[in-house]
Each structure stands twice: as structure tokens, then as C-alpha cells.
Amino acid sequence: MKYLLIIFAWTFSTFGTVNGQDIPVSQVPDAVINSFSEDFSNARDVEWERESGYFEVDFETGWGRDHEARYDESGMLLYHKEEIRNRELPEIVRDKIRSEYNDYNIDDAERIIEGDETRYLISLDSRRLSDLDLLIDDKGVIISEAYDD
């Protein structure tokens, strides 16, 4: 048992520090900082992480609106996810939910932009059914659904 704990501690300390660790802004390349500052000039509560192949930044704008963005080493924005209000969902997405999930209400919504693709991660809740998470593209096509038990 003692050896198992030592192996676990070594594995966590070795691999746990490689990815997903908060880093000070001084360890983020200037190109990334400059791009981020241009893209999100009103960001606050900024926290940086170094991931494998990119830098991830979590931040807020406005009234506590959460964001996550990913940049490559050169400062190119790879991915952006933001909380949005339900009324900000495209009408085609809201229509799809009304027509196929009429027993549900929209609880939370996030817009995800990755390259040229825009998708929406939507949490639905119901009084009678299990909660449901949907991933829908900007044309109203359901990409995936997962029930929360």
C-alpha cells in the first residue's frame, strides 16, 4: 500500500504539473497577450493555464459573463466559449428546442466558436424528465445530447 501511495504521488506530481496548471501572465508569450488584449479588451478576473499545444484563458466580461478562450503560441485564437442569455440563441436553435424538446426549459446556454464553426451547448431542465445537455450547430442540427441523471 505504501508503494501504491508513492507511485500515485509521483504520477500526480509529474504529470499533474504538465497540463492544466495556472501560470502567471509573465509566462504567457507576448503574441498571445497582445491578441487576447485586442480580442477581449474588457476582460477581468483573468486566469491563464498552459495546456499541451495552447494557452487557455478563463475570464469574465460584463455582469459576470464567463468566457474560455484558447490561443496557440503565435497568438491565434483557436477556440472561444462564452455564456450567453437564452434570448441570444439563434431563432432556428430556439425553434428546434421548442419543437423537439417541448417538455424542457432552457437553463443555461453557451456559444462555442472554433474556426468557422459556431455551436451552442445548451442545458435543458424538466420537472418530469432527466435534465439534458444538447450540442447544436448554428443551423439547428443536433450534434449530440446527453442526459444528466
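Helices (H or I, at least four residues) and strands (E, at least two) are DSSP runs, numbered from the N terminus.

**Figure 1. Overview of the elements in the predicted model.** This is a predicted model, and its protein holds 3 helices and 9 strands. Read from the N terminus on, the elements follow the order α-β-α-β-β-β-β-α-β-β-β-β. Of the 149 residues in the protein, 34% are buried.

**Figure 2. Strand β6 between its partners β5 and β7.** Strand β5, which covers residues 77-84, runs antiparallel to β6 and is joined to it by 5 bridges. Within this pairing, Glu83 has Glu110 of β6 as its bridge partner. Strand β6 also pairs in the antiparallel sense with strand β7 (residues 117-125), this time over 9 bridges, and here Ile106 has Leu124 of β7 as its bridge partner. The hairpin of β6 and β7 has 2 residues between the strands, and in this hairpin Gly115 takes a positive phi near 65°.

**Figure 3. A patch of negative charge on the surface.** Six residues named Asp66, Glu83, Asp107, Asp108, Asp131 and Asp148 gather on the surface in a patch of negative charge. One of them, Asp107, has its place in strand β6, which spans residues 105-114. How exposed is Asp107, given its relative accessibility of 41%? Asp107 counts as partly exposed because its value of 41% lies between the limit for buried residues, under 20%, and the limit for exposed residues, over 50%. Another member of the patch, Glu83, is the residue whose bridge partner in β6 is Glu110.

**Figure 4. Strand β8 and its pairing with β7.** Strand β8, made of residues 131-137, is mostly covered, since 5 of its 7 residues are buried. Strands β7 and β8 pair in the antiparallel sense over 6 bridges, and Ile122 has Leu134 of β8 as its bridge partner. The link from β7 to β8 is a hairpin that passes through 5 residues.

**Figure 5. The pairing of β8 with β9.** Strand β9, which covers residues 142-148, runs antiparallel to β8, and 6 bridges join the two. In this pairing, Leu132 stands opposite Tyr147 of β9. The hairpin of β8 and β9 has 4 residues between the strands, and its Gly140 takes a positive phi near 90°.

Notes
Residues numbered from 1 in each chain as written. Predicted model: local features only at pLDDT ≥ 70, side-chain atom pairs only at ≥ 80, totals over all residues. Heavy atoms only, no water. Patch = residues over 30% accessible without salt bridge, like charges linked within 9 Å, V, L, I, M, F, W, Y side chains within 5 Å. Areas by Shrake-Rupley, 256 points an atom, 1.4 Å probe, with all protein chains shown as cover. Salt bridge = Lys/Arg side-chain N within 4 Å of Asp/Glu carboxyl O. Lys, Arg positive; Asp, Glu negative; His and termini not counted. Charge placed at Lys NZ, Arg CZ, Asp CG, Glu CD. Buried < 20%, exposed > 50% of the residue type's maximum accessible area, 1.4 Å probe, protein only. Pairing = 2+ DSSP bridges.
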